[in-house]
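Biologist: Could you go through this model with me? I would like to start with one residue and then move on to the whole chain.

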Amino acid sequence: MLRSIYQAFTDYALVIVGIFSAYSERTSHWPALCSLGLLLATAIGIDLLLPTWAALTIFAAVGVPLVWFLASVISAYVIHHRR
């Protein structure tokens with residue numbers, strides 16, 4: 001049971017990371033401020049236009065998988081270079 005939940009979360013996290021990766025590839029020729037500014041403007045728009053519970057739900061649904069993936073990459077890097 002727990003393994004299937006972890007597998008579902010892993011699949012979901014990799015879909016979110018894939019979406020951000022595709023966005024980064026598509027906007028790679030833009031200046032960095034424009035690319036990041038569009039993401040920031042979207043986040044601010046979500047925060048201002050939606051109720052707090054809806055905005056926090058969206059932020060958690062996107063932010064938690066990204067933080068999990070980033071932590072996995074950092075821990076793999078640290079473990080690899082510790083040896």
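Biologist: Which residues does Leu66 touch, not counting residues up to four places away in sequence?

Modeller: Leu66 touches Ile16, Val17 and Phe20, where contact means heavy atoms within 4.5 Å. Please note that this is a predicted model, in which local features need pLDDT of at least 70, side-chain atom pairs count only at pLDDT 80 or more, and totals for chains, interfaces and linings use all residues. Residues are numbered from 1 along each chain as its sequence is written, and side-chain values use heavy atoms, with hydrogens and water left out.

Biologist: How many residues apart in sequence are Leu66 and Ile16, and what is the spacing in space?

Modeller: They are 50 residues apart in sequence, and their C-alpha atoms are 7.2 Å apart in space.

Biologist: Where is Leu66 found, and what is its relative accessible area?

Modeller: Leu66 is found in helix 3; helices (H or I, at least four residues) and strands (E, at least two) are DSSP runs, numbered from the N terminus. Its relative accessible area is 28%, so Leu66 is partly exposed. Buried means under 20% relative accessible area, exposed over 50%, and partly exposed in between, with a 1.4 Å probe and protein chains only.

Biologist: What about Ala61: which residues is it in contact with, neighbours within four places aside?

Modeller: Ala61 is in contact with Tyr12 and Ile16. Ala61 also lies in helix 3 and counts as partly exposed because its relative accessibility is 30%.

Biologist: Let us step back. How many helices and strands are in the protein chain?

Modeller: The protein chain has three helices and zero strands, and its elements run α-α-α from the N terminus on. The chain is more spread out than a compact globule, because its radius of gyration is 16 Å, well over the 12 Å that the globule rule gives for 83 residues. That radius is taken over C-alpha atoms, and the rule is 2.2 Å times the number of residues to the power 0.38. Along the principal axes, the C-alpha atoms fill a box of roughly 45 × 35 × 20 Å.

Biologist: What percentage of the 83 residues is buried?

Modeller: Buried residues make up 11% of the 83 residues. Ser35 lies in helix 2 (residues 32–49) and, neighbours within four places in sequence aside, is in contact with Tyr23, Thr27 and Trp30.

Biologist: Next topic: what is the volume of the largest pocket, and which residues line it?

Modeller: The volume is about 210 Å³. The lining consists of Phe20, Tyr23, Leu38, Leu39, Thr42, Ala43, Ile46, Ile58, Phe59 and Val62.

Biologist: Which helix gives the most to that lining?

Modeller: Helix 2 gives the most, with five residues, while helix 1 (2–26), helix 2 and helix 3 (52–82) each supply at least two.

Biologist: How many residues of the lining are nonpolar, polar or charged?

Modeller: Nine are nonpolar, one is polar and none is charged.

How values were computed. On a 1 Å grid over the protein atoms alone, a cavity is a set of points where a 1.4 Å probe fits but cannot get out, and a pocket is an open set with protein on both sides within 12 Å along at least five of seven lines; lining residues have an atom within 4 Å of a point. Grid points are joined across faces, edges and corners, and a volume is the space filled by probe spheres set on the points. Ala, Val, Leu, Ile, Met, Phe, Trp, Tyr, Cys and Pro count as nonpolar, Asp, Glu, Lys and Arg as charged, and the others, Gly among them, as polar.
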